[in-house]
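Colleague: I have a chain open on my screen and would like to go through it with you. Can we take it piece by piece?

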Amino acid sequence: MITQVDLLETPIEFLKGVGPKKADILRKEFNIFTFDDLLNYYPYRHIDKSKVYHIADIQSEGAYIQLKGRVVSSEIMGQQRGKRLVCKLVDETGSIDLVWFNGIKWVEEMLRENRDFIVFGKPTLFNNRWNITHPELIDPKNQPVSAVPMSFQPLYNTSDKAKRAGLDSKAISKLVMTLLPQVREVIQERLSNDIRQNLKLMSLKDALCNIHYPEDMQALSQAMLRLKFDELFFTQLKMLKLKLVTSKKYKGHVFSVVGETFNTFYHQYLPFPLTNAQKRVIKEIRADMGSGRQMNRLLQGDVGSGKTITALLLMLIAKDNGFQSCLMAPTEILATQHYENIKRQLAPMNVRVEFLSGSTKMAKRREIHEGLQNGDVDIIIGTHALIEDEVRFKNLGFVVIDEQHRFGVEQRAKLWRKNTIPPHILVMTATPIPRTLAMTLYGDLDLSVIDELPKGRKPIITAHYFEKDRLRLNGFLQREIAKGRQVFVVYPLIKESEKMDLQDLMAGYDAMSRAFPLPQYALGIVHGKMKPEEKEFEMQRFIKNGTQILLSTTVIEVGIDVPNATVMVVENAERFGLSQLHQLRGRVGRGGEQSYCILMSGNKLTTESKQRLDAMVATTDGFEIANFDLKLRGPGDLQGTQQSGILDFKIADLIKDEKMVAYTRNLAKALLEKDPDLSQPENASMARHLAKLMRKNVYWGMIS
Ligand code: ADP
Ligand code: MG
């Protein structure tokens with residue numbers, strides 16, 4: 001007997017109309033291997049054939065509608081980039097323009113005048129006339145009514161390769177239509193009755209049928225809601241479940257006391273009062289490290305929010321409990337800077353701090369290795385060199401990783417194995433991501449946020465200058481330098497062409513050298529093609545105020561602290577991402593002086609570029625900027641998210657459906673609190689689906 005599950009797992013080539021060749025395309029192009037996969041290949045839109053609008057009835061912009069009419073004229077207008085094909089479509093109530101900028105020739109062939117068409121698209125007003133740009137054209141003659149028995153026709157994403165094999169959207173919709181009656185009755189509900197009824201969600205069976213061939217608009221939106229819910233809810237369930245498994249599996253070192261080291265430092269040597277956010281975060285983390293389970297936590301805080309001192313205080317707690325700590329930074333310069341700061345701050349204390357990197361000399365290295373093994377070294381600060389196998393600890397209890405996204409996954413995993421009971425892990429990042437997104441992305445990490453900047457910081461003043469303002473810029477820089485301040489100038493990095501990239505920088509250097517000549521001014525330059533020692537030399541020269549202007553490609557190390565630098569000039573700012581600009585801006589404003597960020601751009605900008613630069617000028621709040629960026633570009637471009645695969649949602653949208661993200665998170669949490677193994681009979685169907693999802697997973701807790 002074929003069980004229900006088996007039927008959905010049937011390989012796709014057994015569907016009538018598929019065959020081996022098309023099956024191959026379906027697998028390769030769309031990841032459709034089984035009946036179930038096809039069932040879950042949702043259309044991106046429907047043509048609403050249930051209603052044909054009259055042209056005179058069009059009232060608002062923004063909604064897709066269907067019109068039926070006759071093309072009475074077509075004309076090519078404009079030249080070069082403005083060249084377009086404009087056709088007039090009329091019905092018995094009025095007329096509308098259809099406009100094409102691309103594929104003009106092809107459309108012209110298809111559009112023979114005086115024929116009827118069904119037109120689908122989004123009307124907009126232009127010069128007080130309705131028009132539809134790049135509408136879909138459906139020739140009713142090529143589309144006998146019998147082929148589309150329902151009033152909503154689904155449109156599926158496809159590819160050129162698939163189209164050549166006969167798998168265009170229409171063909172896919174036919175396959176789905178063949179499939180649905182066969183599998184309809186075996187689609188099992190996977191939510192508990194409780195959840196489904198409380199939330200009045202459509203059944204899975206109805207949702208899967210209606211997402212492809214909806215009965216009406218309302219059924220379609222119900223189906224979408226239900227499938228979004230499932231996607232988000234089970235993602236959260238999976239993440240929380242992983243977290244639960246980790247915390248059970250990995251016992252943690254118990255940091256039970258706050259002792260003398262912490263207290264002495266806190267009361268006598270802390271250079272400034274902590275912000276409330278820093279205090280709260282220390283409390284959160286302390287509680288976690290005292291709980292008996294191993295901590296895996298993400299610490300988020302905007303640039304300059306004071307993550308380092310927070311981490312240092314926690315390292316002192318580790319020492320009070322008899323444990324060693326390590327702080328790992330992504331670059332030598334950043335690690336050195338952490339080391340020097342922390343060493344200075346701890347100078348009056350009896351805490352041994354050491355530094356280890358690839359360039360540490362052999363003899364010193366041996367000494368440090370020994371100190372780590374016999375427990376003399378309390379805090380080790382360094383680069384990737386800390387991960388190497390010969391670095392062994394007497395009792396490592398706490399690991400801090402700064403600027404997390406620059407570390408590879410395998411590298412981080414190695415740190416786990418540096419003690420029999422894995423150390424507590426704190427990953428610090430200045431990449432601001434909205435909370436709901438962070439919860440989903442790093443759903444099995446706990447999250448702490450420093451959402452407050454130290455008092456008395458003067459907000460950085462940001463301005464957008466055009467190329468024509470260059471002289472004004474130079475005058476401004478001269479005045480700042482005359483006050484004894486320093487300037488960063490950053491040029492964009494073009495990955496595809498490192499040569500051109502250097503050309504930009506070099507041309508800039510020439511121009512700047514003329515505007516800021518020796519001996520009055522000294523300029524430094526840093527780029528990716530330089531040897532590490534040369535780079536290091538130039539950076540140090542700038543840090544020590546030996547140069548007033550440092551020109552570089554984006555190699556300016558993340559996190560470097562030069563309090564005397566008050567101006568950040570970003571050349572071709574329109575070529576940078578918003579979060580990158582925000583990070584760059586964070587390089588200044590670290591001392592007490594008023595600081596500035598000048599975004600230079602060409603004289604002409606696209607609307608989007610203008611909007612982005614305006615956003616930078618309008619706010620210095622990293623979270624606001626991240627939100628804006630997400631709305632503009634979607635989450636796909638976020639640093640560190642590309643590889644995770646976790647954003648590959650089929651139907652949900654982490655930004656647009658933000659409320660549902662938070663809701664499903666809480667629901668999943670409540671469910672697991674009541675029934676951690678989902679072993680109650682009413683949860684059996686959810687447990688089954690979860691088990692299926694668990695087979696393919698991303699496991700941040702383990703790798704961070
Ligand atoms: P980030 O979070 O970007 O790593 P840092 O830890 O480098 O920020 O801190 C930025 C600067 O702010 C440092 O010079 C640090 O000494 C200072 N700082 C940190 N916390 C406070 C505070 N509570 N009050 C005043 N200054 C602080
Ligand atoms: Mg930092």
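Colleague: Let's start with one tyrosine. Is Y41 buried or exposed?

Modeller: Y41 counts as buried, because its relative accessibility is 15% and the cut-off for buried is under 20%. Keep in mind that this is a predicted model.

Colleague: Which residue does Y41 form an aromatic pair with?

Modeller: A search of the whole structure finds 10 aromatic pairs. In one of them, Y41 is stacked with Y156, at 6.2 Å centre to centre and with 15° between the planes.

Colleague: Where do Y41 and Y156 lie in the chain?

Modeller: Y41 is in the loop between α3 (35–39) and β1 (45–48), while Y156 is in the loop between β9 (152–155) and α5 (160–164). They are 115 residues apart, so the pair links distant parts of the chain. Y156 is buried too, with a relative accessible area of 1%.

Colleague: Which residues form the aromatic cluster with Y41?

Modeller: F30 and Y156 form one aromatic cluster with Y41.

Colleague: What about Y339 and F355, how are those rings arranged?

Modeller: Y339 and F355 form a tilted aromatic pair, 5.5 Å centre to centre, with 45° between the planes. Y339 lies in helix α13 and F355 in strand β12 (residues 353–356), so the pair ties together parts that are 16 residues apart in sequence. Y339 is buried at a relative accessible area of 17%, and F355 is buried at 15%.

Colleague: Changing topic to charges. Which ring does the charged end of R472 sit over?

Modeller: The ring of Y465, with the charged end of R472 at 4.4 Å from the ring centre. There is also K650, which lies over the face of Y42 at 6.0 Å from the ring centre.

Colleague: And R612, buried or exposed?

Modeller: R612 is buried, because its relative accessible area is 9%, below the 20% cut-off. R612 lies in helix α21 (residues 607–618).

Colleague: What is R612 in contact with, leaving aside its neighbours within four places in sequence?

Modeller: R612 is in contact with E574, F576, G577, L578, F628 and L632.

Colleague: How many of the lining residues are nonpolar, polar and charged?

Modeller: The lining of the second largest pocket divides into 17 nonpolar, 18 polar and 15 charged residues.

Colleague: On to the backbone. Where is the cis peptide bond that joins L518 to its neighbour?

Modeller: The cis bond joins L518 and P519, with omega at about -5°. P519 lies in the loop between α18 (498–515) and β19 (523–526).

Colleague: What is the phi of H134?

Modeller: H134 has a positive phi of about 45°, although it is not a glycine. Most residues other than glycine have a negative phi, and most peptide bonds are trans.

Colleague: Where does H134 sit, and how accessible is it?

Modeller: H134 lies in the loop between β7 (129–133) and β8 (136–138). At 35% relative accessibility, H134 counts as partly exposed.

Colleague: And L678, what is its phi?

Modeller: Phi of L678 is near 50°, a positive value in a residue other than glycine. L678 is found in the loop between α23 (658–674) and α24 (684–694), and counts as buried at 5% relative accessibility.

Colleague: One more loop. Where is S291?

Modeller: S291 is in the loop between α11 (276–289) and β10 (296–301). S291 is partly exposed, with a relative accessible area of 44%.

Colleague: Last, the whole chain. How many helices and strands are there?

Modeller: The protein chain has 25 helices and 22 strands. Of its 704 residues, 53% are buried. Among contacts between residues at least 6 apart in sequence, 74% join residues at least 24 apart.

Definitions and conventions:
Residues numbered from 1 in each chain as written. Chains lettered and ligands numbered in written order. Predicted model: local features only at pLDDT ≥ 70, side-chain atom pairs only at ≥ 80, totals over all residues. Heavy atoms only, no water. Nonpolar A, V, L, I, M, F, W, Y, C, P; charged D, E, K, R; others polar. Helix = DSSP H or I, 4+ residues; strand = E, 2+ residues; numbered from the N terminus. Buried < 20%, exposed > 50% of the residue type's maximum accessible area, 1.4 Å probe, protein only. Contact = heavy atoms within 4.5 Å. Phe/Tyr/Trp six-rings, centres within 6.5 Å; stacked < 30°, edge-to-face > 60°. Lys NZ or Arg CZ within 6 Å of the ring centre and 35° of its normal.
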